[in-house]
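Please keep the sequence and the 3D view open while reading.

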Amino acid sequence: MTQGLLEAPPKRGPVTDRPNGPVGPPPPPTGGGDGPDREPSPRRPVLDNIQLAVLFLIGGEVMFFAALIAALFVTRLGQPLWPPPHQPRLPVGVTGVNTLVLLASSVMMARAVGALARGEESRLVKRLAATAGLGALFLLVQGYEWARLIGFGLTVSAGTYGATFYTLIGAHAAHVFGALVWLSVTLVLASHGRFAHGRTAPVKACAMFWHFVVGLWPILYVAVYLL
Amino acid sequence: MSATSATAHAHVEPAGHHELGFVRTYMFSTDHKMIARQFLFLGLSMMIIGGLLALVVRWELAWPETPVPGLGMILTETGGILEPSQYNMAFTMHATIMIFFVIMPILAGAFGNFCIPLMIGARDMAFPFLNMLSFWVAAVAGVLMLAGFFVPGGHAAAGWTSYAPLSAVPEYTGTNWGQNLWCISLFVLGISSMMGAINYITTIINMRAPGMKLFRMPLVVWSLFITAILLLLALPVLTSGVAMLLFDRTLGTSWFKPSGGGEPLLWQHLFWYFGHPEVYILILPAMGIASEILPVFCRKPIFGYHAMAFSMIAIAFLSWVVYGHHMFVSGMNPALGMAFTVTTMIIAVPSAIKTFNWLGTLWGARIQFTVPMLNALAFVSMFVIGGLSGIFMASTPVDIYIQDTYFIVAHIHYVVFGGSIFGAFAAIYYWFPKMFGRMTNTVLGHLHFWPTFVFFNLTFFPMHIIGVGGQMRRIYNPMQYEFLQHQQHWNVFITMSALALGLGQIPFVINFFWSLFAGKKAPLNPWNANTLEWTAASPPPHLNWGPTLPTVYRGPYEYSSPESRDDWLPQTAPPVTAAGARRH
């Protein structure tokens, strides 16, 4: 009784005059995407909703920064000399040390998540605070260096060198700031014991984004400062 | 964070327990169905603005430099005659509004929100609050975009593609804040799309009902899943592009200005790297909608379910490597142009697989020509025309001749109007009973469909002819070129058809609002469809189902199955054992 594809279905609308009950064993699955015949079980997600969401958020952010980095390379390939003459040089040394500060924050974040896994709440709070402190220090040093560069005459409208620098590094700084706000909220919640009973996903999600923001920095440092 | 995950899994109460005020129910609702309706109203009201702008453009082309009826009230100093700069503004904003504020909100916003949780058996999105935020951020973007009409200098006038340096230097188009607001609005819309896309993807991966395996998902959910991934990865590229454009215009950077050492071609690369996936963002949901509606009204399983899903995945991958076909005349290396020609030809293969599968579904079926089915059939046939003209322009020798002519305009309208808008109409007629709990009027539906279908073709098909005849897009007055004067009668014909097409939408508006308040009450499952949304009440209450979620036992398209007495077999029907009795 399996219907061929070229045969028209028997009748339009609900059919009521077919023999009651099924006809023989169920047919093999057709084009309906049916799988083996077994009782469906409730879903057990591999990743919690929020972690999954942050993973995809990172995917989108990667495209955002990929576009900016591509734009940087296109721009500098159009210039005869890079960095252009008569422009202040970027503070490679200070920023290199600052890179280490940011990387240390990521290590601290990983240790905070470790403390969370072992249920050591006071350590979690301390290490989250240390992460936030290192992140804030990074931003402060960046801001100080920006102020000095503007003082030296490297402004956003002074040419492509300033424009690429401020756009890329500014976009990253905005992300560090956003991650810092998120981390601060997580820190406040952690200090109120909100992650005490195995509800670890929000902290892990925050950590994922933090690691992304930190991991992005060395790429930008090499692309903007060193190359 | 805590609020969202609480709604997602913890205590789920039966519907009707939440007494919320007007503001929480109709404005700042976190219910995916209300957000879907909000997106639908946003899209439909913007469609009126975008449509009127199109008619203004058409009037100018048919009867150049004559007063546009009704515009005399707005353009008092010229008595309704459009100036060239205003003409530029009209076509720029027609395209921008239609793409970003009509098709994306209706297809991805409204039907993404409505269909995903209901069709995978979830009570709501993974992040209901983020969902609400994504609508209101989109609404802010819409307000910013409309605000551009009221600033001195007028709205953006550099085309919807905003090619630099035309768009990067205010003096070139004479618009200052219009173009800035255009950039800001799209930046804000990019954030909204990110929020929506992340929500859709997370919901589809994590929140499916028991038994709803990936390959038991309805194809419209597959299409929205892939659309969300494309949105997530494509929109950030546009976001960074418009940010750079805005910096060029306001802060004095020179990303795209050659005078300061910038590279205008960079804008084209960034724009089209986003722009081509965007084309598939506009068409994939409509493909899913057609794949959903065709089996229901053919009473047959979809032909090649897996092929349909995999061809959409293939389209999504290929959409990243074809964008250069928009830039054949930008001076790119001919070898690179050749590569883009080849990839573009390859992307026709999965599209053709889909088309032949639709035809296979229709083949030999006793088709029920309901209003949603007619619109879905219009989608399939018009998409074929639009797709075929796309293959012409994929090959560089043809494209260099027809680049920036009305042939391109005809192609994009066959794909985006003939494809996406007919898909949107099909979806509105098909899900209206579930969305609003009332049936639409069939007579008015036919009165809307047939004029739309006929006048759509009369409007856009002749554009192929005048395009090959040499009429370029975005010109103010075709009569100023001697070689175009002999085909001016086509422009008059197209404009008359376009006016009729516009009038043809009046039955839709009447039908929509009349049915909303006075339509016949919709039964649970008016189309005898298999998918899960038809097991919920019409309209579904908050949290969609009662205490228990539906359990899925089978694929979505088991129509006319010998397993059942009826010609439909819901996804929730348990399998039949050999003894002949249903389990449970």
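## Terms and model

A residue is buried if 20 or more other C-beta atoms lie within 10 Å of its own, exposed if 12 or fewer, and partly exposed in between; C-beta atoms are placed from the backbone. Helices (H or I, at least four residues) and strands (E, at least two) are DSSP runs, numbered from the N terminus.

This is a predicted model, in which local features need pLDDT of at least 70, side-chain atom pairs count only at pLDDT 80 or more, and totals for chains, interfaces and linings use all residues. Residues are numbered from 1 along each chain as its sequence is written, while chains are lettered from A and ligands numbered from 1 in the order in which they are written.

## Helix 11 of chain B

Helix 11 of chain B covers residues 334-362, 29 residues in total. From first C-alpha to last it reaches 42 Å, close to the 42 Å expected at 1.5 Å a residue. That expected span is 1.5 Å times one less than the number of residues.

Its buried residues are Gly337(B), Phe340(B), Thr341(B), Thr344(B), Ile347(B), Pro350(B), Ser351(B), Lys354(B), Asn357(B), Trp358(B) and Thr361(B). The cover over them includes helix 9 (264-298), helix 10 (305-318), helix 12 (371-394) and helix 13 (396-402) of chain B. Just after helix 11, Gly364(B) takes a positive phi of about 70°.

## Helix 7 of chain B

Helix 7 of chain B (residues 177-206) has 30 residues. Its first and last C-alpha atoms span 43 Å, close to the expected 44 Å. Of the 30 residues, 27 are buried, so helix 7 is largely enclosed by the rest of the structure.

Leu181(B) sits in this helix. It counts as buried because it has 23 C-beta neighbours inside 10 Å. Neighbours within four places in sequence aside, Leu181(B) is in contact (C-beta atoms, placed from the backbone, within 7 Å) with Leu144(B), Met145(B), Ala147(B), Gly148(B) and Val151(B). Gly148(B) is 33 residues from Leu181(B) in sequence, yet their C-alpha atoms are 5.9 Å apart.

## Helices 3 and 17 of chain B

The axes of helix 3 (residues 32-62) and helix 17 (residues 488-503) of chain B come within 8 Å and cross at roughly 155°. Axes are lines fitted to C-alpha atoms, for helices over the stretch in contact, and angles run from 0 to 180 degrees between N-to-C directions. The two helices are therefore roughly antiparallel, a term for angles over 145 degrees. Their crossing is left-handed: the near helix is turned anticlockwise from the far one by less than a right angle.

Helix 3 of chain B contributes Gly51(B), Ala54(B), Leu55(B), Arg58(B), Trp59(B), Leu61(B) and Ala62(B) to the contact. Helix 17 of chain B brings Asn491(B), Val492(B), Ile494(B), Thr495(B), Ala498(B), Leu499(B) and Gly502(B). By class, nine are nonpolar, four polar and one charged. Ala, Val, Leu, Ile, Met, Phe, Trp, Tyr, Cys and Pro count as nonpolar, Asp, Glu, Lys and Arg as charged, and the others, Gly among them, as polar.

## Helices 15 and 18 of chain B

Helix 15 (residues 442-468) and helix 18 (residues 506-518) of chain B have axes that come within 8 Å and cross at roughly 155°. That makes helix 15 roughly antiparallel to helix 18. The crossing is left-handed.

Leu444(B), Gly445(B), Leu447(B) and His448(B) of helix 15 meet Pro507(B), Phe508(B), Ile510(B) and Asn511(B) of helix 18. Five of the contact residues are nonpolar, three are polar and none is charged.

## Chain A

Chain A has five helices and zero strands. Buried residues make up 34% of its 227 residues.

Conventions:
Two residues are in contact if their C-beta atoms, placed from the backbone, lie within 7 Å. Angles under 35 degrees count as roughly parallel, over 145 as roughly antiparallel, 65 to 115 as roughly perpendicular and the rest as oblique.
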